[in-house]
Amino acid sequence: MFFTCGDDKLIIAWDLEANKLGVYVGTGACKSLAISYNTEFIAGAFSTEGVEIFDASTGKSLRKINFPNFRCMNVDFNLGDSEIVVTLVGALKSHVNTYDFKSFLGSD
């Protein structure tokens, strides 16, 4: 299985024979995606819309987080999925932020 994303707002899960397994619809151009270790969650970095977390099995959007005045360029999980890393680019400065994933998701 592999995943793709692009400016068409879609994250697509594929099998090795290039058959679509699932489509996750974001809110803007997807610049990066990350898959949790056990493929439970998919995180998308949507340029001007922020980060969106999806349930990988249902495709349901679980949480959207916007970062005003910044473009979201990258998202990734750490080893163990306890943290999520977000790279943001602004007009004058860029940031790399690390968040506790359970807090980021909104569940403590």
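Both Phe 77 and Phe 101 are buried, where buried means under 20% relative accessible area, exposed over 50% and partly exposed in between, with a 1.4 Å probe and protein chains only. The model is predicted, so local features need pLDDT of at least 70 and side-chain atom pairs count only at pLDDT 80 or more, while totals for chains, interfaces and linings use all residues. Residues are numbered from 1 along each chain as its sequence is written, and side-chain values use heavy atoms, with hydrogens and water left out.

**Exercise 1.** Describe the aromatic pair of Phe 77 and Phe 101, and say which elements hold the two residues.

*Solution.* Rings of Phe, Tyr and Trp (its six-membered ring) pair if their centres lie within 6.5 Å, and planes under 30 degrees apart count as stacked, over 60 as edge-to-face and the rest as tilted. Phe 77 and Phe 101 are edge-to-face, at 5.1 Å centre to centre with 75° between the planes. Phe 77 lies in strand β8 (residues 70-77) and Phe 101 in helix α1 (residues 101-105), so the pair ties together parts that are 24 residues apart in sequence. Helices (H or I, at least four residues) and strands (E, at least two) are DSSP runs, numbered from the N terminus. Together with Phe 41, these two residues form one aromatic cluster.

**Exercise 2.** Find how β2 is joined to β1 and to β3.

*Solution.* Two strands pair if DSSP finds at least two bridges between them. Four bridges join β1 to β2, and these strands run antiparallel; within this pairing, Cys 5 has Ile 11 as its bridge partner. The hairpin of β1 and β2 has four residues between the strands, and Lys 9 in the turn has a positive phi of about 75°. On the other pairing, five bridges join β2 to strand β3 (residues 20-25), again antiparallel, with Leu 10 bridged to Val 25.

**Exercise 3.** Which strands form the open sheet, and which of them stand at the edges?

*Solution.* The four strands follow the order β4-β5-β6-β7, with antiparallel pairing. β4 (30-35) and β7 (61-65) stand at the edges with a single partner strand each, so one side of each is left without a neighbour in the sheet. Inside this order, six bridges join β5 (residues 41-46) to β6 (residues 50-55), and Phe 46 stands opposite Gly 50 in β6.
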